2 protein chains.
Amino acid sequence: MPRSLIGTPKADLDTPALCLDIEAVEANIRRMANALRDSPVRLRPHAKTHKSPILAQMQLAAGAIGITCAKLGEAEVLAAAGIKDILIANQIIGTGKIARLVNLAAYTDVMVAVDDAANVAELDAASQAKGVRLRVLIEVDIGMARCGVFPGEPTLALAQRVVASPGLRFEGVMGYEGHTIFLKDPEERRQKTEASVKLLVDTADLLRRRCIPVPIVSSGGTGTYFITGRYPGVTEIQAGSYITMDGQYREEVGIDFAYGLTVLATVVSARDPDRAEIDAGLKTLTRDFGLPKVIDPPGWELVGLSEEHGHLRRAGGAPLKPGDKVEIVPNHGCTTINLHDEYHVIRRGMLEAVWPIAARGKIG
Amino acid sequence: MPRSLIGTPKADLDTPALCLDIEAVEANIRRMANALRDSPVRLRPHAKTHKSPILAQMQLAAGAIGITCAKLGEAEVLAAAGIKDILIANQIIGTGKIARLVNLAAYTDVMVAVDDAANVAELDAASQAKGVRLRVLIEVDIGMARCGVFPGEPTLALAQRVVASPGLRFEGVMGYEGHTIFLKDPEERRQKTEASVKLLVDTADLLRRRCIPVPIVSSGGTGTYFITGRYPGVTEIQAGSYITMDGQYREEVGIDFAYGLTVLATVVSARDPDRAEIDAGLKTLTRDFGLPKVIDPPGWELVGLSEEHGHLRRAGGAPLKPGDKVEIVPNHGCTTINLHDEYHVIRRGMLEAVWPIAARGKIG
């Protein structure tokens with residue numbers, strides 16, 4: 001959008017507009033920093049949520065020790081913005097991608113996750129050929145049953161291979177307790193989260209007993225930061241969603257950060273006083289964990305999303321007419337942000353800046 | 001991606017890669033043109049599916065009379081590619097968007113849908129101020145209960161307003177029988193589709209009896225082209241998905257066009273011989289109407305999508321290892337294409353071209 005619109009009141013923005021309440025975002029960044037202040041656990045926030053080097057720089061300025069991302073393409077965007085200490089928290093597989101990775105390692109301190117001996121051998125060969133020493137974390141499956149090697153001896157065996165690889169530097173272990181986040185009962189969630197993280201910490205201790213230094217033990221996300229972030233032996237957490245928050249984490253998990261992300265939409269059709277159609281559908285909002293929530297005007301709820309439309313129903317409040325604005329909190333920030341090219345940065349109700357979502361679509 | 005990769009075998013592409021089987025796409029374009037050849041009904045294909053001016057030009061070259069799109073931003077991309085006759089099959093609401101629309105009308109033959117008298121008055125005033133005559137179709141609700149005015153007298157009343165607006169040119173009526181497409185029983189689907197389309201045709205006849213010419217009666221999509229495209233009184237259909245096809249239309253509705261769109265992905269983790277994780281999750285594929293389907297290798301199925309990963313399970317065939325390629329047919333082409341920046345155009349198994357998905361993300 002034209003930068004000449006800076007200063008426009010939020011309500012006058014063209015829609016659909018992805019809006020960042022920058023005061024809420026700043027408060028969320030401070031709050032997470034404060035939560036870890038008296039703890040030895042450090043924060044390496046996950047940029048897969050915001051996909052913005054500007055927001056990553058704000059997190060680093062508040063004390064984050066580095067940035068986490070999901071894809072090599074995201075790491076390249078962060079590196080181009082001058083960020084050095086980047087963890088790609090996934091496996092990088094295949095000749096072409098590995099060539100990109102070791103090239104990135106030549107001018108950053110990028111780290112990568114591994115869970116496979118053949119991949120370790122390829123990374124080692126490519127790193128030696130490039131003349132870099134690539135930093136490596138072993139991903140341990142601590143119960144999610146997705147990627148990762150099993151805790152204990154299988155991790156030790158792979159760590160020994162990494163340690164024996166001249167092109168690689170073993171940095172430690174990581175695991176994600178994603179399977180415990182949505183457990184309804186807080187006590188059960190705490191117990192299962194701690195049981196998962198214990199597998200990771202115990203594995204790190206096993207490696208140390210076998211004389212392998214393990215500087216990094218990385219785990220946790222926004223859903224478990226108050227558990228994993230205090231667990232003895234964990235050195236850093238990878239929370240991402242806390243910065244903007246979303247409906248799933250606030251409503252489903254009860255995480256008490258502020259909503260910093262909304263979508264502003266416009267009513268395009270409203271024949272019936274109890275219904276309205278807005279210009280935001282599945283290309284603007286996602287429903288990964290349920291439908292997004294209308295926060296303004298009161299009394300209206302989103303009851304469905306088709307490709308180009310959102311379907312609103314009135315439970316109270318005044319009828320809407322074409323042209324009326326509707327503000328919606330995404331249910332899943334990460335995938336919603338991925339649909340948009342720009343943040344409309346709002347401070348005190350006015351457009352303060354337009355920030356590119358520079359790593360959007362960097363899926364490879 | 002670098003254009004120097006032209007000529008690369010499909011299996012060697014970096015992933016995730018959205019691939020267009022251009023021979024299947026060409027066959028689908030020919031097939032739809034042939035299906036309407038002996039009919040008075042014309043095709044105005046919906047570009048919300050492919051979002052590509054190149055594909056739109058291929059459709060026009062095969063006889064399409066113009067292009068349909070969903071958003072003003074898409075129309076602007078089509079216009080920049082030299083396409084003149086564009087239907088925006090939705091309401092354009094608000095001062096800023098209307099200013100963009102009448103500007104577009106100054107150098108194209110853009111048409112827009114209306115369903116509201118106040119919006120008609122605003123479009124008329126803006127068109128007069130700009131010195132253009134904006135082409136208008138009334139959207140009629142023929143049973144979908146989304147946007148549109150009711151058939152019959154309410155449409156007549158709005159048509160009389162349009163006809164009385166010096167800035168507007170009344171072009172006819174449109175309606176979408178989207179509520180009948182997924183009816184399982186083919187005979188029930190035919191009857192309900194015809195009953196819906198009859199409402200639109202009867203409304204056009206009512207207008208004509210009141211001396212309002214109705215050149216355009218537009219309806220239908222890929223799911224009903226063989227019914228609506230033969231219904232007397234319909235003048236054009238808006239089918240879009242037929243060009244690339246997808247799982248929902250082929251598996252759920254039984255539409256027999258060829259699969260022209262796939263996502264190529266790579267196995268990134270495969271600890272267990274009966275499971276594998278690929279590098280394509282919800283930022284690469286959508287599950288609007290169910291999960292996408294693995295077409296290669298045989299014996300594997302996609303059982304879930306998380307944000308960055310697809311979860312595969314083996315029902316037969318050989319185990320997979322990291323680095324193996326997997327090819328997947330999207331379940332919903334329109335929203336899947338919207339996640340990608342480029343088509344990898346494949347002919348006879350080789351990369352022939354890389355085409356930008358120029359209207360991706362043009363949601364406003």
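Predicted model: local features only at pLDDT ≥ 70, side-chain atom pairs only at ≥ 80, totals over all residues.
**Entry 1, symmetry.** I superposed chain A on chain B and found that a rotation of 180° with 0.0 Å of shift along its axis does it, at an RMSD of 0.0 Å. The two copies are therefore related as by a two-fold rotation axis. I then looked up which residue of chain A comes closest to that axis, and it is Leu339(A), whose C-alpha lies at 3.4 Å. The same surface serves both copies, since 97% of the contact residues of chain A recur in chain B.

**Entry 2, the contact between the chains.** I noted 39 residues from chain A and 38 residues from chain B in the contact. On the side of chain A that touches chain B, at least two residues each come from helix 4 (95-105), helix 5 (117-130), strand 10 (261-269) and helix 10 (333-337). Strand 10 of chain A gives the largest share of that side, three residues. Sorted by class, this side of chain A holds twelve nonpolar, 15 polar and twelve charged residues.

I followed helix 4 of chain A to helix 3 (residues 72-80) of chain A, and the two pack at an angle of about 25° with their axes 11 Å apart. With angles under 35 degrees counted as roughly parallel, helix 3 and helix 4 of chain A are therefore roughly parallel to each other. The crossing of helix 3 past helix 4 in chain A is left-handed. Helix 3 of chain A makes the contact through Leu72(A), Ala75(A), Glu76(A) and Ala79(A), and helix 4 of chain A through Lys97(A), Arg100(A), Leu101(A) and Leu104(A). By class I recorded five nonpolar, no polar and three charged residues in this helix contact.

Notes:
Residues numbered from 1 in each chain as written. Chains lettered and ligands numbered in written order. Least-squares fit on C-alpha atoms with pLDDT ≥ 70 in both. Contact = placed C-beta atoms within 7 Å. Helix = DSSP H or I, 4+ residues; strand = E, 2+ residues; numbered from the N terminus. Nonpolar A, V, L, I, M, F, W, Y, C, P; charged D, E, K, R; others polar. Axes fitted to C-alpha atoms, helices over the stretch in contact; angles between N-to-C directions. Parallel < 35°, antiparallel > 145°, perpendicular 65-115°, else oblique. Left-handed = near helix turned anticlockwise from the far one by under 90°.
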